[in-house]
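Dear colleague,

I am passing on the structure we spoke about, with the sequence alongside, and below it I have set out what was found. Please read the notes with the model open beside you.

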Amino acid sequence: MATNAILESAGAKSALLTNRGFKHVVEIGRQDVPRAENIYAYVKPRPPVPASRVFEIGGRLDAEGNEIEDLSEGDIEAAADRIRAIGVEA
């Protein structure tokens, strides 16, 4: 059901919080591009959350889980305010 909701854009109006500098990673989505088939016939699927509802926050861990940048409570509060203002449901 979850996969169908995503594919049909039938789920709740959602937002995404991500690390600063990674806002467009989901939209770029290069992990699965068909190469053996005709690349001109390939239609990239829409991202499950549009870039207008992706919010960047400070905070970063390295590959070993060590904190590189503190999680920014101010960024989280500001994002939460914007999310409420645009009526995000999830």
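Helices here are DSSP runs of H or I with at least four residues, and strands are runs of E with at least two, numbered from the N terminus. On that basis the protein chain, which is a predicted model, holds 3 helices and 4 strands, and along the sequence these follow the pattern α-β-α-β-β-β-α.

Of the 90 residues in the protein chain, 17% are buried, while the accessible surface comes to about 7100 Å², with 53% of it belonging to carbon and sulfur atoms. Among contacts with a separation of 6 or more, 65% are between residues 24 or more positions apart.

The largest nonpolar core consists of 5 residues, namely Phe55, Ile57, Ala79, Ile83 and Val88, and the elements that contribute two or more residues to this core are β2 (54–57) and α3 (73–85). Within that set, Ile83 touches Phe55 and Val88, and also Ala15 and Leu17, when residues up to four places away in sequence are not counted.

Asn19 may also be worth a look. This residue lies in strand β1 (residues 16–19), and Asn19 counts as partly exposed because its relative accessibility is 31%, a value between the 20% and 50% cut-offs. Beyond its neighbours within four places in sequence, Asn19 is in contact with Glu56, Ile57, Gly59 and Arg60; as for Gly59, it is 40 residues from Asn19 in sequence, yet the C-alpha to C-alpha distance between the two is 6.3 Å.

With best wishes

How values were computed. Residues are numbered from 1 along each chain as its sequence is written. This is a predicted model: local features need pLDDT of at least 70, side-chain atom pairs count only at pLDDT 80 or more; totals for chains, interfaces and linings use all residues. Side-chain values use heavy atoms; hydrogens and water are left out. Buried means under 20% relative accessible area, exposed over 50%, partly exposed in between (1.4 Å probe, protein chains only). Contact means heavy atoms within 4.5 Å. Accessible areas come from the Shrake-Rupley method with a 1.4 Å probe; for residues, only the protein chains shown count as cover. A nonpolar core is a set of buried Ala, Val, Leu, Ile, Met, Phe, Trp, Tyr and Cys residues joined through side-chain atoms within 4.5 Å.
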